[in-house]
Amino acid sequence: MFMWHVGDIAEKKKCKTGQHEKMAIFNESNPDSYRSIYGSLFSEFGEEITTKIHRAYAGRQISFPKKLYTEEYINYYVQKNKTEKSPAVMADELECTERIVRRHMKESRDMESEQFEQSVKTISRYRPVYNELYLEFGEKIMKEIYALYRGHQISFPKKLYTENYIMHYVKEHMWDMTGSELAKELGYTERRISQLIKSIMDRQEKS
């Protein structure tokens, strides 16, 4: 198993350069440090939410439906409010067309108040992916993600950071972290970390 230690090499680097190399612009505060969709998410929501979404969806392709609410919830909502609200108002609140609202008004029969209360307990308000986001991040962020990506199918890379960020991170921390620690932090194998460190050392020797 590869294990990178500080030891004499760190001392040699210190004598040679006098200080650690900086990470340039590639750090956790720069959207360009994140791969594709994660960079966009970081720009909108910051690091914490971006890393949580990465943990939940890494390596998956997710379809974000155009519709936010389930058909069951739309039907429930229309039946509960049809005597007090116009089809236009309900359509706006449910983010659907008046035609859909009128169809539910026509097809569904009246329900007693107790039946309404029992029904809502078993009805999922949001479509599956939005319900997941709602439970994890709350309604505000879920609706912001819905507004940004509704109707899109998005592939979430397994890796969170770009190669440039990875290289700069390893270069910055190879002197104070072991190979296993770097691998765990960056989501890489120790073998890959070993390859990156060798590449960095080779470049430094040639420079």
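Where does E95 lie? This predicted model places E95 in the loop between helix 5 (87-94) and helix 6 (98-107). Its backbone deserves a look. Phi of E95 is near 55°, a positive value in a residue other than glycine. E95 is partly exposed, with a relative accessible area of 33%.

S36 also has a positive phi, of about 25°, although S36 is not a glycine. S36 sits in a helix: helix 2, residues 36-45. With a relative accessible area of 52%, S36 counts as exposed, because the cut-off for that class is over 50%.

Now step back to the whole chain. Its secondary structure comes to twelve helices and two strands. Read from the N terminus, the order is α-α-α-β-α-α-α-α-α-α-β-α-α-α. The chain has 207 residues, and 40% of them count as buried. Contacts reach across the sequence. Among those with a separation of 6 or more, 71% join residues 24 or more positions apart.

The largest nonpolar core has 55 residues. Which of them have the most contacts inside it? They are F64, Y130, F156, V170, L186 and I193. Take Y130 and follow its neighbours. Leaving aside residues up to four places away in sequence, Y130 touches F64, P65, K67, L68, M142, Y146 and R150. One of these, F64, is itself on the list of core residues with the most contacts.

Aromatic rings come next. The structure holds 14 aromatic pairs. One of them joins Y69 and Y73: the ring centres are 5.4 Å apart and the planes meet at 25°, so the pair is stacked. The cut-off for stacking is under 30 degrees. Both partners are buried, Y69 with a relative accessible area of 4% and Y73 with 9%. What makes the pair of Y165 and Y169 tilted? Their planes stand at 40° and their centres are 5.8 Å apart, so the pair is tilted. Y165 and Y169 are four residues apart in helix 10, so about one helical turn separates them. Y165 is buried at 1% relative accessible area. Y169 is buried too, at 7%.

Ring pairs also build a cluster. It links Y69, Y73, Y76, Y77, Y126 and Y134. Elsewhere, a lysine meets a ring. K159 lies over the face of Y188, at 4.6 Å from the ring centre.

T162 lies in the loop between strand 2 (153-155) and helix 10 (163-173). Is T162 buried or exposed? T162 is buried, with a relative accessible area of 16%, because the class takes in values under 20%. The side chain of T162 reaches the backbone nitrogen of Y165 at 3.2 Å. That brings back Y165, the buried tyrosine with 1% relative accessible area. Not counting residues up to four places away, T162 touches D32, S33, Y34 and R35. S36, the exposed residue with 52% relative accessible area, opens helix 2 (residues 36-45).

Conventions
Residues numbered from 1 in each chain as written. Predicted model: local features only at pLDDT ≥ 70, side-chain atom pairs only at ≥ 80, totals over all residues. Heavy atoms only, no water. Buried < 20%, exposed > 50% of the residue type's maximum accessible area, 1.4 Å probe, protein only. Polar contact = N/O pair within 3.5 Å; in protein donor to acceptor, adjacent residues only side chain to side chain. Contact = heavy atoms within 4.5 Å. Core = buried A, V, L, I, M, F, W, Y, C linked by side-chain atoms within 4.5 Å. Phe/Tyr/Trp six-rings, centres within 6.5 Å; stacked < 30°, edge-to-face > 60°. Lys NZ or Arg CZ within 6 Å of the ring centre and 35° of its normal.
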